[in-house]
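Please look over the sequence and the structure shown below before reading on.

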Number of protein chains: 2
Amino acid sequence: MTDTNQPTVESSQEEEGTQEITPWTVSSTKGINYDKLIDQFGSTKIHQDLIDRFERLTKKKAHHFLKRGIFFSHREFKEILDCYEQGRGPSSGSLHFGHLVPFIFTKYLQEVFNVPLVIQMTNDEKFLWKDITLEESIHYTVENVKDIIALGFDIEKTFIFSNLDYIQYLYPNVVKIGKCVTLNQVKGIFGFGDSDSCGKFAFPPIQAAPSFPDSFPHIFGKYGDQIKSIRCLIPCAIDQDPYFRMTRDVASRLGYQKPSLIHSKFFPALQGHNTKMSASDQNSAVYLSDTPQQVKDKVTKHAFSGGRDTKEEQEKFGANLAVDVPYEYLTYFLEDDDVLSNIAEKYSTGKMLTSEVKSYLINIMNQMNQQHQQARSMVTNDIVKAFMSIRQLNY
Amino acid sequence: MTDTNQPTVESSQEEEGTQEITPWTVSSTKGINYDKLIDQFGSTKIHQDLIDRFERLTKKKAHHFLKRGIFFSHREFKEILDCYEQGRGPSSGSLHFGHLVPFIFTKYLQEVFNVPLVIQMTNDEKFLWKDITLEESIHYTVENVKDIIALGFDIEKTFIFSNLDYIQYLYPNVVKIGKCVTLNQVKGIFGFGDSDSCGKFAFPPIQAAPSFPDSFPHIFGKYGDQIKSIRCLIPCAIDQDPYFRMTRDVASRLGYQKPSLIHSKFFPALQGHNTKMSASDQNSAVYLSDTPQQVKDKVTKHAFSGGRDTKEEQEKFGANLAVDVPYEYLTYFLEDDDVLSNIAEKYSTGKMLTSEVKSYLINIMNQMNQQHQQARSMVTNDIVKAFMSIRQLNY
């Protein structure tokens, strides 16, 4: 019942190596080939012209996650921009719990489009896939919600819910979706086998239901008969795409708009590009709860460097940015394009040492950490309850 | 997605014919062999000594359904009597919606044991298996609940809930059960295949959850840490046994008592013993909503008779009670043993004609119908709400 026993949906072995990407496993032998993933998944690459149109329409600067290809793929994001152009805002849809990168980007999208946002905490999924008790999973939910709230979501426009708490509202759509999708399809999309628990087979419709606006009568009920025409946009890491491929198939059969998607790359582990961060290896990731010293130690000791072995070699040849984790982290967290390209130029030509880049990163991460921990310490249980209470949103 | 496409769990072809019994299909070519069913299912036949002990302990007359073998099989009903003997009452558990026979017997059990009763309306199952909309299924639920309430259940001790309304309370146990049961097991128990909807695979844990007392914190919460030691008894038709076989397997793994069961035979269709009544054939059954004239016409024209073709032959040879539907119906609805055996004796020896037995039955059924319709007309929507409201019970 743990992640490691998951069968594989996508795999291939060619000269560029093997990669396995499912909602529960991400691994590759030679780094992840995202273009190949787009081919396999049948999604669409985000090109510069889409980003240009986004900036033109919203009159907002594109997020650096977009400009730097961290969010790199989409499904019908174009239609979301069409809606926005026509004055009909999308509703920013359900998120998969885990990493903060999608949440940072989601917050940006919410501000740009000025739309209601629903955030799905899949504490049932966590219990079904991991070797934890239901009570532990429920406890983690509250802790994770605090981290999400600390990012600064607008309580007037944001509804956070957990599946275990909110199932009664999802359930009508869950059974409708469940009736539409055969076991064969679930096996094909997710790669489950007959030795998997039936709980896993029951889960995809639960993940899918929040894509449909009438799962939230308190938010979208005011649209009455028009409720099914509301469009939803889901920012998520690319490994979550299978859920929404299924959801998009079902949507038209049930009379809904297909949810649009925008996909991010995987945030790399400190050790390098081949996996995403794993909660089970403390040294694979920097946590928001880490102390300044822990951050410093982790980056210094564990962040894989593309710099050369000696100061002399580094000054002569420069760093290989393509495999350098500290530099890649800066692309996520250093927003200023000019400063970033200056570092890139200096570091790759040997005018900057790994230790300097690392200490730049440690600085930024500790700043973010301090800010986050401060914000998080203000998030009381009452604030969690307020975000998770069933209520109208103002949008 | 309809009943008729269901795969078969149990089937056999020997000289006594073929029978197929699943929770969705009941058919047999030569009448149902209940002893064989007990063998196949691995349940236990109800013998006279169990009935005697029941009467001795409860100081109540055994229901005629028990004495006449209509409830004919059980699982650990003995343990329920043990509990009762030791002064610990069982909680009468979840029922499958459909036929009124289990409800009549359940009402009797509730009175005998003086226990809380929960009645599960599986409107999600109805939607998943039948060619109806979710809205239709919800509408039927209310109508069916009215029929059940009209039987006279004690509102102080009875909680009726539908899965769609009550799912939030069931869901923690649903995911725990779902995590325990593999797809292989579900396929083995229920005979689902890969072309069935994943909604069907999600359903067995939902049917199972009400067997566990902590699915009803408002009823059993007062037992605190002892809640898991509460025993549950489920009266149901024998075709529902697979659900509870699975539930019993899971119970011990999750630290619960195994639910006890008591199984009824199938109420035969008017046309004879080979199937149970079908809602899709109006003339296969007498409905509680039928007019006196409809009841008369149905019994007169459609009830399969074991009487002879002519009055002369009947007087000479007598009726074959084993295949006579009007007589079998009397075993359900004519409580007086002396009157019943008098009819049996006269009818089987030709001293009574089919038309007389039929008009005796018509009389009884119309009386029951009138009484039921009167009782049902008093069941307002507010009373339905009261039975279905989440509240403490007095027991």
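Which residue forms a salt bridge with K78(B)? The partner is D82(B), and the closest N and O atoms of the two are 3.3 Å apart, a salt bridge being a side-chain nitrogen of Lys or Arg within 4 Å of a carboxyl oxygen of Asp or Glu.

## Basis of the report

This is a predicted model, in which local features need pLDDT of at least 70 and side-chain atom pairs count only at pLDDT 80 or more, while totals for chains, interfaces and linings use all residues. Residues are numbered from 1 along each chain as its sequence is written, chains are lettered from A and ligands numbered from 1 in the order in which they are written, and side-chain values use heavy atoms, with hydrogens and water left out.

## Salt bridges within the chains

D82(B) and K78(B) are 4 residues apart in helix α4 (residues 77-85) of chain B, so about one helical turn separates them; helices (H or I, at least four residues) and strands (E, at least two) are DSSP runs, numbered from the N terminus. K78(B) counts as partly exposed at 40% relative accessibility, where buried means under 20% relative accessible area, exposed over 50%, and partly exposed in between (1.4 Å probe, protein chains only). Over all chains, a search of the whole structure finds 38 salt bridges.

In chain A, a salt bridge of 2.8 Å, N to O, links the side chains of R53(A) and D82(A). Because R53(A) lies in helix α2 (residues 48-58) and D82(A) in helix α4 (residues 77-85) of chain A, this pair ties together parts that are 29 residues apart in sequence. R53(A) is buried, with a relative accessible area of 16%.

## R75(A) and its surroundings

Strand β5 (residues 71-75) of chain A holds R75(A), which counts as buried at 8% relative accessibility. Its side chain is joined to that of D241(A) by a polar contact of 2.5 Å; a polar contact is a pair of N or O atoms within 3.5 Å, of which, within protein, one must be able to donate a hydrogen and the other to accept it, and residues adjacent in sequence count only if both atoms are side-chain atoms. Leaving aside neighbours within four places in sequence, the residues in contact with R75(A) (heavy atoms within 4.5 Å) include F41(A), D241(A), R248(A) and H263(A).

R248(A) in turn forms a salt bridge with E76(A), with the closest N and O atoms 3.6 Å apart. R248(A) lies in helix α12 (residues 241-253) of chain A and E76(A) in the loop between β5 and α4 of chain A, so the pair ties together parts that are 172 residues apart in sequence. R248(A) is buried, with a relative accessible area of 11%, whereas E76(A) is partly exposed, with 22%.

## Helix α1 of chain B

The buried residues of helix α1 (residues 34-41) of chain B are Y34(B), K36(B), L37(B), I38(B) and F41(B). At the start of α1(B), a side-chain oxygen of N33(B) comes to within 3.2 Å of the backbone nitrogen of D35(B), and after α1(B) comes G42(B), whose phi is positive, near 75 degrees.

## How the two chains meet

Chain B can be laid on chain A with an RMSD of 0.0 Å by a turn of 180 degrees and a shift of 0.0 Å along the axis, the copies being superposed by least squares on the C-alpha atoms of residues with pLDDT of at least 70 in both. That is the relation of a two-fold axis. The same surface serves both copies, since 100% of the contact residues of chain B recur in chain A.

Between them, chain B and chain A bury about 3,000 Å², 69% of it on carbon and sulfur atoms; buried area is the accessible area (1.4 Å probe) that two parts lose on being put together, summed over both. Y171(B), K179(B) and C198(B) supply 26% of the area that chain B buries against chain A, more than any other three residues. The rule finds 4 salt bridges across this interface, and one that joins the two chains is formed by D194(B) and K187(A), whose closest N and O atoms are 2.8 Å apart. On the side of chain B that touches chain A, α8(B) gives the most, with 10 residues.
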